[in-house]
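Visitor: I would like to learn how to read the packing in a model like this one. Please take it feature by feature.

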Amino acid sequence: MNQYSIVIINFYWVKVINRQLALGIESTAHTWSVGIIDFNGTVISLVNDMFIPEKGGLHPVLVREQHLNNFTQVLNRALSEASISIKDINLIAFSKSPGLGPILKIGAQVSRLLSQLLKIPVVAVNHCIAHIEIGRLMCEIEDPLTLYVSGGNTIISAYESGRYQIFGETLDIPVGNLIDSFARDVGIPHPGGPKVEELAKKALKYLALPYVVKGMDLSFSGLYTATKRLLESKDYGKKYNIYDVAHSLQETAFAMLTEVTERALAHTGKKEVLLTGGVAANKKLQEMVKYVSKEHNARFEVVPLKYAGDNGAMIGWTGILRYKATGGNILSDTQINPKERMDQITIPWRNKGI
Amino acid sequence: MLEEIVMEKIIHKGAEANLIYGHWFGKEVIFKHRIPKGYRIEQIDRKLRVNRTLNEAKALIRVKKYGVNVPQVYEIDTKNSTIIMKYIRGKKLKEILDSLPNKKKTQFLREVGKNIAILHKNGHIHGDITTSNIILTETQDIFIIDFGLHDYSDYIEDKSTDLHLFKRVLISSHGNDFIICFDAFLEGYREGYGPEKIDECKQIIKNISIIETRGRYVKKEDRI
């Protein structure tokens, strides 16, 4: 071994030893996820465990049961994939809001416990903000208007006067919930989104469905009832088929989302658009939002699928940002808050230009 | 030959429609053209544009009856989803409100409140009362424009929602003088609603604070 390679190896070890790592725990709904990410934003490992209901939607008790059974395995796998020990972690971050109470509690309890045992700081993170922050990191985007569409949230948000302000949101059910519910009605198992998208491609005609945009807010529950009626009608299978219904549902819901996005874009004058959340995987929606972004000369980015859905890496990264700006939370500040809105939270790290 | 209908220049590009300045049989007009949107399919696009154009034009014509200052509609072109209406020469309240002396501010906001009350009293909901949608002419008259989100309703809830939106706009765009502005607005509103329906008016104003506590994810204890 010559002199140079020793220097390089030394340099490498210094880098490895000096790197600071955060452990992000995501536990708001069906996904229990652990991500390990370093303080510069490199994801070292990410392991997900998803609850898939046999029938119906997410029953909090059953989800909780599965997460309680699996969380140590997921944690250990994330650590072994990163080839580190739990003692190498410098910061714990977990999702404290919004989500299902019993499930948020598991994440909070595990995180507090780890933080006490390892004597490292803990940071409580808002799930919706984490979605935006990981998008900014992964897409190298500065100041986007974000359309966040998932099974639990439908929010159009942008950063203004110190907060992620909500410009538009759903007044009743989220769009992901709409698609999942429709999928269940036609007997498609969870997750229904990708299959509904496939069905819609074979459609031959559009059926009129209610289109409800109130200012910048959206309402999907009437749309859901109308599709349900279409499926129960005696014309179903004769005058139109499942492909047409899926197509009409998607076209209507996505046109509503795109219209509101465009309004928010015109209103805020942002030059970047970020599409994130589970429904962001839908190509049709991507196409439509891309279209309006282009019309307003805004750069359009979709968060890579791995980081668009619920994941621990985004929690870890947001935890890092908050930790760098204001330090860790004291234990009494790590209460869960299942119904916290993202516009209630100040964003200290954006002011400093991180 | 005299050209009867001339579109001259686009003066505003909205998310939904373009406003084009021009002339129509010698009159100064605005063409409000709802543009086709390429992202949605033809059936949705057509239906939305035609319905919204017709609804807006109908509303503009109907509220004229109550003496509210709105642009005169000259022609409705559903084929191109365009409304041709009178051009109102003046400034948006948004642009000038902050530079006005307090006395003028309260005077104009009272006037706005009065006009909105007349709309509400007769079952018209504007749907998008913002300071950008109020024009102050050179003759110091208030004009209310953009009835794109107009709706008909006699529910207290809908009227309060309308006022709540205006309150939010005042807070976010004109925060410094919010209190005097909104107080003057409400004063005008009460005046416009008239003494015979004073109970309803009180309920509407009271309901604004109820709406504020009701947003998604507001604590159960705070709900009324």
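**Domains, helices and a sheet**

Guide: The C-alpha centres of domain 1 and domain 2 of chain B lie 23 Å apart. The bounds, which come from an automatic or database domain assignment, are 5-86 for domain 1 and 90-212 for domain 2 of chain B. This is a predicted model, in which local features need pLDDT of at least 70 and side-chain atom pairs count only at pLDDT 80 or more, while totals for chains, interfaces and linings use all residues. Residues are numbered from 1 along each chain as its sequence is written, chains are lettered from A and ligands numbered from 1 in the order in which they are written.

Visitor: How many residues of domain 1 of chain B are in contact with domain 2 of chain B?

Guide: Two residues are in contact if their C-beta atoms, placed from the backbone, lie within 7 Å. In chain B, twelve residues of domain 1 are in contact with 13 residues of domain 2. The domain 1 side of chain B divides into seven nonpolar, two polar and three charged residues. Here Ala, Val, Leu, Ile, Met, Phe, Trp, Tyr, Cys and Pro count as nonpolar, Asp, Glu, Lys and Arg as charged, and the others, Gly among them, as polar.

Visitor: How are two packed helices described?

Guide: Two packed helices are described by the angle between their axes and the distance between the axes. Axes are lines fitted to C-alpha atoms, for helices over the stretch in contact, and angles run from 0 to 180 degrees between N-to-C directions. Helices (H or I, at least four residues) and strands (E, at least two) are DSSP runs, numbered from the N terminus. In chain B, the axes of helix 4 (residues 156-173) and helix 6 (residues 198-212) come within 8 Å and cross at roughly 60 degrees. Helix 4 of chain B is therefore oblique to helix 6 of chain B; angles under 35 degrees count as roughly parallel, over 145 as roughly antiparallel, 65 to 115 as roughly perpendicular and the rest as oblique.

Visitor: Which residues of helix 4 of chain B meet helix 6 of chain B?

Guide: Among them are B:Ile156, B:Leu163 and B:Lys167 in helix 4 of chain B, which meet residues of helix 6 of chain B including B:Ile204 and B:Ile211. By class, this contact of helix 4 with helix 6 of chain B has five nonpolar, five polar and five charged residues.

Visitor: What is the strand order of the open sheet in chain A?

Guide: Two strands pair if DSSP finds at least two bridges between them. The five strands of this open sheet in chain A have the order 3-2-1-4-5, with mixed pairing. Strand 3 (43-50) and strand 5 (122-126) of chain A are the edge strands, each pairing on one side only. From one strand to the next, the twist averages 20 degrees. Strand 2 (residues 31-38) and strand 3 of chain A pair in the antiparallel sense over seven bridges. A:Trp32 stands opposite A:Asp49 in strand 3 of chain A.

Visitor: Where does helix 3 of chain A lie?

Guide: Helix 3 (residues 101-118) of chain A lies across strand 1 (21-27), strand 4 (91-97) and strand 5 of chain A, and runs at about 160 degrees to strand 4 of chain A. Helix 4 (residues 127-138) of chain A also packs on the sheet, touching strand 4 and strand 5 of chain A.
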